[in-house]
Amino acid sequence: MTEPAKRGRGPGRPRDERNSERRRRELVEAAYRVFTTKGYAAASAADIAAEVGVGYGTFYRYFDSKRAILDDVVDFGLDRLLTEIAGDVFEPAVLDHEITVDELIRTWSGAVERMCHITESDPALMRALLFELPGIDDELNTRILGLSGILAATVDRFLSRAVDSGAIRDDVNTEDVGWMLLALTIPPVMRALQGRGEVDRRRYIDTAMAVLTPGLQARVADTD
């Protein structure tokens with residue numbers, strides 16, 4: 001893969017460098033549209049170049065192959081997904097107070113709602129992330145699994161604060177709960193891909209909350 005243009009040359013980057021970065025971004029966004037429309041296996045570098053409206057050779061000035069651009073496409077899709085799902089949930093300003101179980105469950109259910117809305121508006125993205133991309137090669141599998149681990153670790157830290165404040169029982173493994181919450185987001189997404197609507201999603205969330213809340217709630221000390 002060619003190296004990105006170097007930065008920091010003078011007070012403003014030269015026009016050709018800005019144009020190079022713009023063209024690279026256009027190719028990544030075009031590849032995202034092509035991959036999620038045609039599928040990665042059926043798409044070609046020529047399809048991506050045509051989507052931008054440039055010659056076939058232009059693609060190879062920026063990327064060595066279709067596989068080379070895939071990493072940037074995955075980053076583009078995941079950045080969009082995580083920004084829309086997580087929002088400012090884990091920003092420091094949100095984390096400067098004690099967390100309750102109810103707040104934790106509301107945060108999770110809100111993330112599920114946003115994830116399903118994204119699925120309904122851009123089902124090709126979810127199909128690619130869930131079904132097509134994980135089977136391309138071991139390197140991409142490792143990246144996707146690594147991202148899941150980062151998300152689970154972030155939720156783990158969120159949960160640990162709730163344990164410290166006494167809101168969540170201290171005999172649960174917060175890392176395991178983090179992975180469980182991630183896993184519980186998959187069924188409603190799959191059902192959204194099947195065309196099930198908001199009523200179905202709300203029932204699923206209510207059922208999950210009914211199970212999760214008593215399971216995580218800190219035990220009240222027996223005063224008798």
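This is a predicted model: local features need pLDDT of at least 70, side-chain atom pairs count only at pLDDT 80 or more; totals for chains, interfaces and linings use all residues.

Student: What share of the contacts join residues at least 24 apart?

Tutor: If you take contacts between residues at least 6 apart in sequence, 72% of them join residues at least 24 apart.

Student: Let's go inside. How many residues are in the largest nonpolar core?

Tutor: That core has 32 residues, and Phe-35, Ile-48, Phe-63 and Ile-69 have the most contacts inside it. Helix 1 (15-38), helix 2 (45-52), helix 3 (56-62), helix 4 (66-86), helix 5, helix 6 (123-132), helix 7 and helix 9 (186-193) each give two or more residues to this core. There's also a second, separate core of 21 residues, which includes Ile-99, Leu-104, Tyr-204 and Ile-205.

Student: Which residues does Ile-69 touch?

Tutor: Leaving out residues up to four places away in sequence, Ile-69 touches Leu-27, Val-28, Ala-31, Phe-35, Ile-48, Phe-59 and Phe-63.

Student: Ile-48 turned up there. Which residues of helix 2 are buried?

Tutor: Ala-45, Ile-48 and Ala-49 are buried in helix 2. They cover an arc of only 95° around the axis, so they sit on the same side of helix 2. After helix 2 comes Gly-53, with a positive phi near 90°.

Student: Switching to aromatics. How many aromatic pairs are there?

Tutor: The count is 5. One of them is Tyr-32 with Phe-76, an edge-to-face pair at 5.1 Å centre to centre with 70° between the planes. Tyr-32 is in helix 1 and Phe-76 in helix 4, 44 residues apart, so this pair links distant parts of the chain.

Student: What about Phe-35 and Tyr-40, what kind of pair do they form?

Tutor: Phe-35 and Tyr-40 are edge-to-face, 5.1 Å centre to centre and 70° between the planes. Both of these residues are buried. Tyr-40 also has the charged end of Lys-66 sitting over its ring, 4.3 Å from the ring centre.

Student: Which residues do ring pairs link into a cluster?

Tutor: Tyr-56, Phe-59, Tyr-60 and Phe-63.

Student: Now helix 8. Which of its residues are buried?

Tutor: Helix 8 covers residues 174-184, and its buried residues are Thr-174, Val-177, Gly-178 and Leu-181. Their arc around the axis is only 105°, which puts them on the same side of helix 8. They pack against helix 5 (101-121), helix 7 (138-164) and helix 10 (198-216).

Student: What happens at the start of helix 8?

Tutor: A side-chain oxygen of Asn-173 comes to within 3.0 Å of the backbone nitrogen of Glu-175 there.

Student: And Thr-174, why does it count as buried?

Tutor: Its relative accessible area is 14%, and the cut-off is under 20%. The side chains of Thr-174 and Ser-160 are joined by a polar contact of 3.4 Å. Apart from neighbours within four places in sequence, Thr-174 is in contact with Asp-156, Leu-159, Ser-160 and Val-163.

Student: Last stop, Arg-203. Where is Arg-203, and what does its side chain make a polar contact with?

Tutor: Arg-203 is in helix 10, and its side chain makes a 2.9 Å polar contact with the side chain of Asp-200. Arg-203 is partly exposed, with a relative accessible area of 46%.

Student: And Gln-194, buried or exposed?

Tutor: Gln-194 is exposed, at 57% relative accessible area. You'll find Gln-194 in the loop between helix 9 and helix 10.

Terms used: Residues are numbered from 1 along each chain as its sequence is written. Side-chain values use heavy atoms; hydrogens and water are left out. Buried means under 20% relative accessible area, exposed over 50%, partly exposed in between (1.4 Å probe, protein chains only). Helices (H or I, at least four residues) and strands (E, at least two) are DSSP runs, numbered from the N terminus. The arc is that of the directions from the helix axis to the C-beta atoms. Contact means heavy atoms within 4.5 Å. A polar contact is a pair of N or O atoms within 3.5 Å; within protein, one must be able to donate a hydrogen and the other to accept it, and residues adjacent in sequence count only if both atoms are side-chain atoms. A nonpolar core is a set of buried Ala, Val, Leu, Ile, Met, Phe, Trp, Tyr and Cys residues joined through side-chain atoms within 4.5 Å. Rings of Phe, Tyr and Trp (its six-membered ring) pair if their centres lie within 6.5 Å; planes under 30 degrees apart count as stacked, over 60 as edge-to-face and the rest as tilted. A charge sits over a ring if NZ of Lys or CZ of Arg is within 6 Å of the ring centre and within 35 degrees of the ring normal.
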